[in-house]
Amino acid sequence: MNTIILASHGELSQGLKQTAEMILGPANNIYALSAYRDEDESIEKQMQRFIKKRGTKNLFILTDILGGSVNNEMLTLLKGNPEIHLITGMNLPLVISIATQVDEINSSDLQTIITESQNSLIDCSRLLQTSGKGGDDL
């Protein structure tokens with residue numbers, strides 16, 4: 001089973017986990033970590049503790065934004081743990097796709113999942129305009 005760590009600024013990761021569980025049901029393989037709230041321990045230290053306890057096999061860390069402090073802190077974990085999958089720009093389709101994979105995700109499968117998750121970003125206003133339909137025709 002894949003383990004997913006959602007790591008974000010504020011409470012985005014908790015909200016994403018709760019939403020995923022509304023769709024998937026209870027997900028004991030998804031964890032949410034928040035940074036820069038009132039935590040006693042940095043998000044990097046929380047992750048180091050998690051890795052020491054649970055290991056890195058099939059571990060996917062999803063962060064909110066490339067170049068953000070959370071993503072940068074998670075990048076430091078890759079130096080000693082190159083088997084960890086660190087993906088930034090997390091969204092709900094990405095979380096659901098990884099969480100529902102029964103088999104181990106290879107590099108090719110991961111790229112497909114990422115591409116599908118990226119393709120879920122749609123400008124619906126533009127879509128309606130280019131389709132020639134107004135909002136009432138949905």
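Tutor: Keep in mind that this is a predicted model. Lys-17 and Glu-21 are 4 residues apart in helix H1 (residues 12-24), so about one helical turn separates them.

Student: What do the side chains of Lys-17 and Glu-21 meet in?
Tutor: Side chains of opposite charge can pair when their charged atoms come close. Here the N to O distance is 2.8 Å. The cut-off is 4 Å. Lys-17 and Glu-21 therefore meet in a salt bridge.

Student: Is Lys-17 buried or exposed?
Tutor: Buried means under 20% relative accessible area. Glu-21, at 24%, counts as partly exposed. Lys-17 has 18%, so Lys-17 is buried.

Student: Which residues make the nonpolar surface patch of about 330 Å²?
Tutor: One of them is Ile-23, placed in helix H1. Ile-23 counts as exposed, at 53% relative accessibility. The patch is made by Met-22, Ile-23 and Leu-24.

Student: Which strands stand at the edges of the sheet?
Tutor: The sheet is open, with 4 strands in the order E2-E1-E3-E4 and parallel pairing. An edge strand has a single partner, so one side is left without a neighbour in the sheet. The edges are strand E2 (30-35) and strand E4 (85-88).

Student: What is the bridge partner of Ile-4 in E3?
Tutor: Strand E1 (residues 3-9) pairs with strand E3 (residues 59-63) in the parallel sense, over 5 bridges. In E3, the partner of Ile-4 is Phe-60.

Student: At what angle does H1 run to E2?
Tutor: H1 lies across E1 and E2. Angles are taken between N-to-C directions, from 0 to 180 degrees. For H1 and E2, the angle is about 160 degrees.

Terms used
Residues numbered from 1 in each chain as written. Predicted model: local features only at pLDDT ≥ 70, side-chain atom pairs only at ≥ 80, totals over all residues. Heavy atoms only, no water. Helix = DSSP H or I, 4+ residues; strand = E, 2+ residues; numbered from the N terminus. Buried < 20%, exposed > 50% of the residue type's maximum accessible area, 1.4 Å probe, protein only. Patch = residues over 30% accessible without salt bridge, like charges linked within 9 Å, V, L, I, M, F, W, Y side chains within 5 Å. Areas by Shrake-Rupley, 256 points an atom, 1.4 Å probe, with all protein chains shown as cover. Pairing = 2+ DSSP bridges. Contact = heavy atoms within 4.5 Å.
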